[in-house]
Every structure is written in C-alpha cells, then in structure tokens.
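Visitor: Could you walk me through how to read a few features of a model?

Guide: Gladly; let's bring it up and take the features one by one.

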Amino acid sequence: MKHGNKLVLLSVVAFAGGVLAGCNDTSKNSKGDGSDEKVDSVEVSAVQKVINEAQEMDEADLYKKAVDEINGKSFTVVANSSRMKDAFPAWVDYINKNYKTKLGLTSDFQAGFSTTQPKNNQIFNTIKGDVTGANHSISMTLIQDGSQISTKMIKTGYLLNYIPKEWKASGASEAADGHPLALQSLSKVFAYNSIGTAEGAFNNVFDFTMKDDGTPFSTQFMSPASEPVGANMLYMLTNPTYTKVVKEAYDNATDTQKKIIDAIIEEDNKTTFNCFGDKPKTVVAAYGASGIKAQIENAGLNADPNAKYALAWEFLFLKNYQVVTDDGPICTNLTQKSAAGAGGLLVYSKFRSITESDTVTLKDMRVAAYDNGYSGFGGYMYKHYLQVLSTSPYPWTSCAIIQFMTCHAEGFKPWGKDMGGYSANPQVQAKFDHSRDGYNEDGTTIDYPIKNDKGYDWWTKNEAGKGRLVLEDGAYCSSVATAMSDWISYLR
Amino acid sequence: MGNASNLTVTPTPKTSSFKKKWRSFVTYISKPQNAILIILGIILTALVFIPMVDVFLDTFKLHKGAAREDRGMTLESDQWSTYSWSLLFTQNKFQAAIVRKNFWVPLGNTLALAALSCVFAILFGGIVAYLVTRTNLKFKKYISSVFIFPYIMPQWTLAMVWKNLFDSIEVTGTKQGIFAAFFHINMPAWWCGGLFPCAMVLGMHYAPFAYILIGGVFRNMDANLEEAATILNTPKWKIFFRVTLPMVMPAVVSTILLVFSSAMGSYPVPHYIGSTKSTDFPVLATKYMELQSDSPAMASIISVVMMVIGVTILLINMKMTSGRKQYTTVTGKSGQASKVNLGKVGAWVCTIILLITTFFTSIFPMISFALETFYENPGDYSAWTLKWWNNNAVGEENGMYGQLGIWHNTAFWRAFGGSLFTATFAALLAGTVGTLVGYCAAKNRKSKFANYVSGVAFLPYLLPSLSVGAAYFVFGNNIGWFNTYRLLILVGMIKYIPFASRASFNSMIQLSGEIEEAAIIQNIPWYKRMLRIIIPIQKSSILSGYLLPFITGMRELTLFMMLASSDKLATLQLDYFDEMGLYAFSSAINLILVVTILLVNGLVNRLTGASLDKGIGGK
C-alpha cells in the first residue's frame with residue numbers, strides 16, 4: 001500500500017511539477033499580467049545587432065552567414081500570403097545554382113521550411129505569442145495592415161525592420177516603402193461577371209452598392225473584421241484625396257442613385273422609393289438612419305465638403321455587401337457561369353487559378369475600372385511588409401530571405417508571376433509585365449480580358465480613366481481608426 | 001495558585017490537539033483516494049480557475065493599439081479600466097446601439113440557438129433511441145453505428161454540406177448548390193442561413209448525445225411499471241407520457257445541459273451559415289472573433305458571460321441531479337425491457353425513414369466530401385480531376401493556388417500528426433486524471449471536498465469551448481505557451497476530463513467496496529488493486545473515458561483555434577482550406593479524420609469491447 005501511495009504521489013506531483021516548472025521556465029519573459037511588454041533586452045539586441053550588420057553587407061557575405069546558420073535546420077515563417085511557401089525553396093535553389101562554389105559547399109545546400117497563414121487577424125496574436133513565449137520558433141513574417149503593425153508590433157518591439165543594402169541602391173523609395181520594408185503593393189479590385197449585364201451596369205463605384213434604379217446590390221467582400229485591410233480602405237476613403245473621387249462618382253450616378261444618396265446623407269424620412277421591395281419605402285425605412293452628420297463631427301471631417309459622399313458610399317456598401325470568408329470563395333462564386341451579374345471586391349491575383357469548364361469560366365469576368373467611362377475608385381491597394389521577429393532563432397537567414405525576396409526576380413516570382421502584385425523594388429518589378437496575359441497563345445485575340453493587368457502606375461494614378469485605387473496609409477488609418485471603427489461597428 | 005500555574009504552564013492540550021490533527025491528517029492522506037483527491041483538487045482548481053481569472057482581469061483593460069479601446073492610439077502600454085464594462089450599460093445612444101449589435105443581440109441569438117439546438121437534438125436523438133431500443137425496428141446495428149457519425153465529424157462540416165445542398169445565387173448570393181443547380185429549387189433565406197440551419201446542424205451534430213444518454217435509459221428501463229400500467233388498461237399514449245417519459249427525464253435534462261452549453265460556444269457553424277445576402281445572425285462566438293482586434297476587452301467580456309451561463313448550467317445540473325431521487329426506478333438492473341411492436345409495415349416504414357434520414361446526416365456528407373475532392377474547381381460538377389490528391393508540381397498553379405495535392409502536402413501531414421499527438425496525449429491525461437477523479441469521488445461520496453473536485457473537473461465541459469479557448473489564450477500568452485502543443489494538450493485535457501470522470505464515477509459507484517477490501521486485507525498495493533482488479537472490471541467504461549477525448553480532440557476546432565497556428569492541427573488546416581474556399585482539400589481532410597476516428601473506434605472496440613454506441617443498439 002505504501003508503494004502504491006508513493007507511486008501515485010510521485011506521478012501526480014511530477015505532473016504538477018511539470019506544469020509549474022513550465023510556468024517558471026517562461027516567467028522570465030512575462031510579467032504575467034497579460035500586458036504588452038518589451039521582450040528580453042538581450043535577445044532583442046542580439047537580433048538587432050545581426051540586422052545592423054546585415055544592412056551593411058553585400059549579398060554574398062549575407063548568404064554565407066545565412067547558409068552557415070540554417071544549413072540542415074528548419075526555418076519558420078508566419079505570413080499573410082499562402083505564396084510564401086514558394087519563396088524559401090526558391091532561395092535554396094538560388095543558392096545551389098549561384099553560390100554553391102562561391103560558398104565552398106561540397107554538397108547541395110538543404111534546409112527545412114514551414115509557413116503558416118493565420119486567418120481572422122490572428123497573425124498578430126501568433127507573433128506576440130511566439131515572441132513572448134518560452135520557445136521562439138518563428139523567424140520572420142510577411143504581414144499586412146500598416147496601422148496594426150505600427151501600433152501592435154513595432155512599437156512593442158516584437159518586430160524589427162531590415163533594409164537590404166541592394167534594395168537601397170535599387171532606386172526603391174525608402175521613405176514610402178522602407179519603414180517598415182514593403183515587399184509589394186497588391187490590389188483588391190471591383191470585378192463582375194459580365195454574363196447578361198447591360199452596357200454600363202457597373203460603370204460607377206456606386207453600382208457596387210445599388211443598381212442604377214436604386215435596387216440594393218450585394219458585392220461579395222471579406223468582412224473588415226476578419227481582414228482589417230478592408231477596414232483600412234474604409235478609413236482611407238475619408239481622406240480628402242479619395243472623398244473627391246467618390247464625389248465625382250456621385251456626380252456621375254443616375255438620378256435615382258443620387259436621390260437615394262442624398263436621402264441617406266440627410267436622413268430624409270419623407271421621400272419614398274420603389275426599389276426596396278413590394279411597397280414604396282423611404283431610405284431610412286429600408287436601411288435605418290445613417291448617422292452620417294454625427295459621424296462627420298465625430299471623425300473631425302467637417303472641413304471636407306465631400307466627406308459625406310464617401311460616408312454615404314460606405315454606408316450603402318456596408319449595409320448591402322455579402323460577407324464571404326475569403327477572396328478565394330469570392331473568386332469561385334463569381335466565375336460560375338450561373339453567377340450572371342454578380343460582383344465582388346477581391347484580390348486581383350485570385351483570378352489566376354481558375355480552370356475553365358462547362359460551368360466555370362474566367363472569360364466573362366471583367367475588372368470594373370477597365371471599362372470605359374468608369375467613375376470612382378477601382379478598388380484599394382495595401383502592402384505586404386517583411387519583418388524580422390525580435391526573437392528570431394535564425395536572424396541571418398531572415399535577412400537573407402528578405403534580401404532575396406526584395407532584390408531578386410526569382411525571390412519575388414511567387415507573387416510577381418501573376419497580375420495584381422507589384423514589387424516595391426522597381427528593378428525587380430520591371431521583370432514582370434502582365435499587360436498581355438489575357439491574350440491567346442498567338443497574341444492576337446484576348447481570351448481573358450481580366451488577366452491583362454494595366455500595371456502599378458495605371459492603377460495608382462488618381463485621375464479619371466485610371467485605376468484610382470485607394471492607397472493604404474497606416475498613419476492616417478490610425479488617426480481615424482477609433483471614430484471610424486465605432487461607426488462601422490454601428491452600421492453592421 | 002499551584003493549580004492555576006499548572007493549568008497555564010502545561011502545553012499538553014495544544015500539542016496533543018496538533019498531534020491529533022496531524023495524525024488524523026496522516027491517516028486521511030495515507031488513503032490513496034484521499035491523497036489523490038487533494039493533489040488533483042489543487043491542480044484542477046489552478047488549471048480551471050487561473051485561466052478564468054486571467055480572462056476576467058482582461059475585461060478590465062484598455063489594450064494598446066486596439067482601435068476602440070486605445071482611443072487616439074496614445075497608450076504606451078495596456079491600462080486598467082472599467083471602460084468596456086461601462087459600455088454595456090451606457091446611456092450614450094450611439095454607443096448603446098453599438099453595444100446592442102455587438103453584445104445584446106448576439107446574446108439573444110446565442111440563447112435562441114442553444115435552445116433550438118437542444119430541441120432538435122433531443123427530438124432527433126430521442127426518437128431514434130426509442131425506436132432502436134424499444135421497438136422491433138430493422139437494421140438496428142447499422143442505424144446505431146451510422147447515427148453517431150455526425151458527432152465524429154467536425155461540426156461545421158455539416159454546415160458546409162448544408163451550403164452545398166441549399167445555397168443559391170438568388171437567395172444566398174454565393175453559388176448554386178445541388179438543389180438550385182440540378183432541381184432549380186431555391187430554398188428560402190431562413191432555410192439557407194440564420195437560426196434555423198445553425199440549430200439544425202448543431203442539433204444533428206449533438207443528437208448522438210441524446211441518443212446515447214436517452215438510449216441508455218430506454219435500454220435499461222424496468223418494464224414492470226409500463227406493464228403494470230398496461231394491465232390497468234391505461235392507454236398507450238398515457239403510459240408514454242405518464243410513465244415512460246418521466247423515467248427518461250433525467251437523461252433528457254442531461255442532454256439539454258450538455259447540448260445547450262456546447263451549442264452556445266459553437267463558432268464555425270454560425271460563421272459559415274449564419275449570414276447570407278439577406279440574413280444576418282451574429283452570435284457571441286462570432287462576435288468574439290470579430291471584436292478581438294479592435295475591442296479585446298469586450299471580447300473577453302463575451303467570454304466571461306458565456307462562462308457565467310456555463311456555471312449557471314452547472315448549478316442547474318446539480319439541482320436537477322439532487323432531485324433525481326424521484327426517478328430511482330431507473331435502476332439499470334432490469335433486463336425486462338419490453339419491446340413495442342410497430343407491426344410489420346410500421347417497422348419497415350420507420351426503418352426506411354431512418355435509413356433515409358441517417359443517409360443524409362451521416363452517409364451523404366461522406367459521399368459529398370469524396371466527390372468534392374475530384375471536382376476541377378470547387379463546387380464545379382462538370383469537370384473531374386485527381387489533382388487535389390496527387391498534384392506534385394511545386395510552384396505551379398494548376399487551379400489550386402499553388403498547393404500540392406493531399407498525398408504530397410507535407411503541411412497537412414504535419415498537422416495531421418499534430419492532431420494525433422495532441423488528441424492522444426490529451427486523451428491519455430484526461431482519461432487518467434478523470435478516472436482518478438471519478439474513483440476518488442466515488443470512494444468519498446459523502447465528502448464535500450470530493451464533490452467540489454468532481455464539480456471542478458466537470459465544470460470545463462459546461463463552459464463553452466470558445467470561452468475555455470479564450471481563457472487559455474490569455475493564460476497561454478501570459479505563461480509563454482501560445483502556439484505550443486503542450487498548451488493544446490493541457491486545454492484538451494482540462495476540457496475532456498469530464499468524459500472520463502463521469503464515466504469513471506458512474507462505473508465506480510457500481511463496484512462493491514468488498515472487492516477492494518478483500519484485496520486490502522491481502523495487503524495488495526493500491527496500484528495493483530487498480531491495475532488488476534478495478535480497471536479490468538470496469539475497463540469498458542474507463543476506456544470510453546479515453547476514447548471520447550481522443551475522438552473529440554481529433555475533430556475539435558473552436559477550443560483550439562485561438563491557441564495555435566494552422567500548421568499545428570488537421571482541423572485548423574481544414575478550417576483554413578474552408579476559409580480559402582479550397583473545398584477539395586477540406587473535404588479530403590474531413591474524410592481522413594473521420595476514417596481515422598472510425599479506425600481507432602473499431603480498433604478499441606475489437607481489442608476491449610468499448611465503443612461509442614455500445615450498449616444501445618450497437619451491440
């Protein structure tokens with residue numbers, strides 16, 4: 001019996017001890033109060049020191065350090081893009097092809113690699129958890145949402161910035177894309193299935209909120225709550241640069257659309273419309289009060305006479321859009337032949353992976369902004385940033401991969417090979433042109449108009465007849481985030 | 001004086017009192033069941049309550065960088081504040097409208113969803129249990145086996161099947177499901193999204209609970225009472241409502257309590273079929289995920305509120321359990337359960353209805369998943385391919401967004417290995433700790449402390465998975481275990497201990513104390529008594545305490561989704577591919593998971609006789 005007691009006690013105490021030891025083990029990195037905190041200063045400075053050295057190094061020296069560090073080991077990345085999985089193997093190939101002799105490698109360089117793509121804005125928790133945890137497995141990240149990166153990641157010291165020497169010399173804009181370092185700009189565009197649609201059915205950005213006759217229209221879109229770059233687009237629309245664009249769209253809208261927009265702004269409870277079902281209704285009866293006037297006060301937008309139109313567009317869009325879990329399903333939904341007249345706001349490059357069949361086609365898909373006479377913004381653009389975790393177990397490799405992805409066409413190829421993603425390095429971007437991707441093999445006829453990407457300059461030009469994408473500015477987003485976030489939450 | 005001096009000087013009474021207490025403590029602790037109880041009581045109290053306290057404290061913070069808490073983005077670090085709680089009762093009309101949308105409406109929807117799920121689960125599971133155990137239904141073994149399939153499958157996969165069947169461009173605004181594409185039938189909006197489909201899916205998923213619990217009572221029910229009523233010429237309907245139904249009421253109540261809390265914490269089902277073009281159905285679980293970024297304290301409040309509801313359910317459960325004395329006719333000893341003759345036609349009609357129903361709830365999803373893995377594009381019924389299984393072209397699109405086929409997809413197989421690892425160790429720990437808790441509680445039935453430990457061990461089951469996950473998310477971050485298998489195993493263990501503790505307790509109280517006493521007299525050590533006498537006698541029940549955590553752990557999402565990245569578990573990969581719209585992958589993963597669980601269930605059944613549906617219609 002005594003032996004039995006001891007055995008039980010030992011095993012249970014061992015279990016409890018294990019749990020508690022685990023707690024003790026990690027307590028050095030945590031205050032235990034759940035608050036954001038700077039990580040262990042020794043670890044931060046060690047990684048930062050590597051970054052400082054790497055920024056002064058030539059590619060060959062950097063790659064040597066990285067190969068020495070990672071050879072035979074495994075490298076882990078957390079990314080907002082599934083295509084990250086192709087970048088690391090491309091670097092390994094590149095080393096074996098171009099540096100094997102120079103680095104004195106006697107056999108092929110090999111390294112394991114894993115990447116994950118957290119959904120629903122969980123990437124920030126994943127990074128925080130890894131940095132503040134007892135074991136650090138994640139080395140670097142490809143991450144989006146400039147606003148949250150700044151407030152939740154950089155200011156807390158979780159992420160560190162590295163700018164490759166070659167990137168600086170490439171002609172890239174350090175002011176625009178260096179802090180944090182941007183891999184690329186990518187676009188989400190308004191697109192629609194043109195089967196059965198009348199000419200000009202989608203010639204105005206307001207057409208993605210209501211039809212010409214005022215009937216509500218549901219654009220398929222990811223919830224801004226699950227992907228905050230969508231929320232950032234809504235924030236950015238209140239910037240005078242873009243309110244002006246929305247005002248132009250308002251001016252070119254149909255009379256019915258204009259009347260509805262006016263009624264939304266004024267919260268008009270008298271004028272009735274026939275487009276909300278069987279019986280005539282007022283806009284307020286159909287949608288509820290917009291609160292736009294109060295929101296202009298709350299968000300400090302009084303000085304801009306066009307702000308109300310931008311808010312009216314947001315109001316209509318948020319009231320009518322169809323939530324879809326990801327851009328992939330939106331693309332799948334839109335490209336069905338049966339989805340005649342359906343529209344979405346989605347990552348442009350998603351259209352790369354559709355296989356033609358009896359019921360699915362890409363041929364009838366159209367980018368709204370490419371249509372003649374399109375009025376308003378064509379979608380929005382945000383950036384993918386590359387950052388090193390402050391506890392990166394392989395900092396040299398992190399820097400080398402970042403250098404490879406930002407300074408070599410091979411490194412950017414996972415994104416550059418398709419339309420919709422544009423490297424921040426002009427020398428790299430010059431090697432990718434998708435303006436004729438939609439042509440057939442002999443280059444005479446256009447099979448897939450949607451694949452003919454008009455390019456970064458066209459998309460970002462803010463003038464009539466061009467893409468006029470809403471460009472994300474993290475600082476501006478942060479400045480209006482509170483007031484806008486409240487209002488968006490009020491609307492949905 | 002002398003006497004007084006003697007009285008004041010002598011320390012004997014104190015010493016003897018201390019010694020007495022010490023001796024009685026040593027005597028108490030020398031019994032293994034007491035020692036284990038104390039240690040497990042301390043550990044479980046810490047592991048259950050510390051995360052709950054953590055998440056509660058989190059509700060009193062303003063989080064740096066959270067747009068709706070760090071107003072103006074000026075915080076240098078997190079600050080203590082009652083701001084988020086005060087919002088719940090704010091008089092500000094604008095803020096009140098936001099809180100209504102973010103909290104009060106989802107709370108109402110959550111309660112409605114949980115209640116309706118209970119109704120569906122009990123109706124579906126109870127009727128099938130009755131037909132299988134108390135009638136001359138055909139194909140009982142087959143129906144009993146396939147009926148538990150929905151519980152084995154991750155719960156939202158039925159939601160995906162629902163979408164595949166009933167979505168339509170006209171109504172849901174997404175794509176044509178089978179009804180719309182092949183039969184040109186557009187189901188109404190209330191059928192496609194919102195409360196009804198969510199409750200139906202959850203009801204079907206949890207119907208096996210009702211089936212197992214109610215079926216167990218039906219099977220062991222003493223038929224003497226019904227027969228007595230029959231002899232007294234009582235009409236059949238009256239016998240059913242006045243005799244049979246009261247006897248199964250405890251099982252019905254148990255089912256309600258279990259299903260209510262489980263359905264309340266479901267995230268993926270409302271996430272996938274809650275909202276359509278014309279319906280919006282926010283629940284607390286989906287709101288929790290939405291608010292995590294901008295209002296993490298409000299998200300934690302949601303978690304705390306769900307916990308409070310869970311604790312309330314526990315209290316109701318305790319009250320109901322104490323009131324079970326009135327149903328002591330359910331002895332479990334009678335072998336005289338009478339069979340109701342449905343008649344030849346009736347038996348076949350009921351059988352065919354059940355065969356069709358279980359086909360759609362259990363077999364059709366498998367067929368649907370299998371077919372989905374061969375479609376060229378997701379949901380595209382016109383072109384077929386093997387690429388989703390065997391594509392091995394690295395870096396090429398192939399209409400798969402650059403993913404390799406399942407056979408070559410190392411990320412999936414790593415995650416699958418992670419699932420096996422997590423489920424196995426969580427099951428081993430939960431099974432062992434739960435068995436010990438059940439054993440100790442059964443040995444100390446009159447002890448308040450034993451009841452406390454038993455209650456604490458059972459509490460996590462009544463807390464919604466999302467709440468437990470949220471609590472361990474905060475806790476895991478605080479102790480630096482985020483995104484590690486040990487956190488997943490720990491939370492799995494805590495959540496699934498009730499499976500084992502209840503199974504163990506129920507089986508241990510059936511054991512006569514004389515069996516162990518005989519061994520004690522023979523001076524057989526405790527561990528030998530456990531390993532050679534007690535466990536072998538009750539191995540079936542005890543093994544079910546290991547099997548259920550394993551199965552649940554293999555197909556769990558809500559509990560784990562905040563705690564690890566998608567490369568850690570197969571269900572997280574499954575959810576990732578569902579979110580991405582790569583349904584071929586998610587379907588393949590689903591199939592692999594279900595086959596794995598069935599194999600393990602079959603293996604355990606073959607080796608030990610334990611099985612999920614054992615004892616009802618299975619065998």
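Visitor: In which sense do β5(A) and strand β12 of chain A pair, and over how many bridges?

Guide: A word on the source first. This is a predicted model, in which local features need pLDDT of at least 70 and side-chain atom pairs count only at pLDDT 80 or more, while totals for chains, interfaces and linings use all residues. Residues are numbered from 1 along each chain as its sequence is written, and chains are lettered from A and ligands numbered from 1 in the order in which they are written. Helices (H or I, at least four residues) and strands (E, at least two) are DSSP runs, numbered from the N terminus. Two strands pair if DSSP finds at least two bridges between them. Here β5(A) and β12(A), residues 379-389, are antiparallel, with 7 bridges. One place to look is A182(A), whose bridge partner in β12(A) is Y385(A).

Visitor: Which residue of β13(A) stands opposite Q184(A)?

Guide: That is S423(A). β13(A), residues 421-423, pairs with β5(A) in the antiparallel sense over 3 bridges.

Visitor: And how many bridges link β5(A) to β10(A)?

Guide: There are 5, again in an antiparallel pairing, with β10(A) spanning residues 343-347. Look for V189(A) opposite L346(A). β11(A), residues 365-367, also runs antiparallel to β5(A), joined by 3 bridges, and there Y192(A) stands opposite R366(A).

Visitor: Is strand β5 of chain A mostly covered or open?

Guide: A residue is buried if 20 or more other C-beta atoms lie within 10 Å of its own, exposed if 12 or fewer, and partly exposed in between, with C-beta atoms placed from the backbone. By that count, 12 of the 12 residues of β5(A), residues 182-193, are buried.

Visitor: Why does R100(B) count as partly exposed?

Guide: Because R100(B) has 14 C-beta neighbours inside 10 Å. You will find R100(B) in helix α5 of chain B, residues 93-134. F89(B) is 11 residues away from R100(B) in sequence, and their C-alpha atoms are 10.0 Å apart.

Visitor: How many residues of chain A are in contact with chain B?

Guide: Two residues are in contact if their C-beta atoms, placed from the backbone, lie within 7 Å. In this model 74 residues of chain A contact 72 residues of chain B. On chain A's side, α1(A) gives the largest share, 12 residues.
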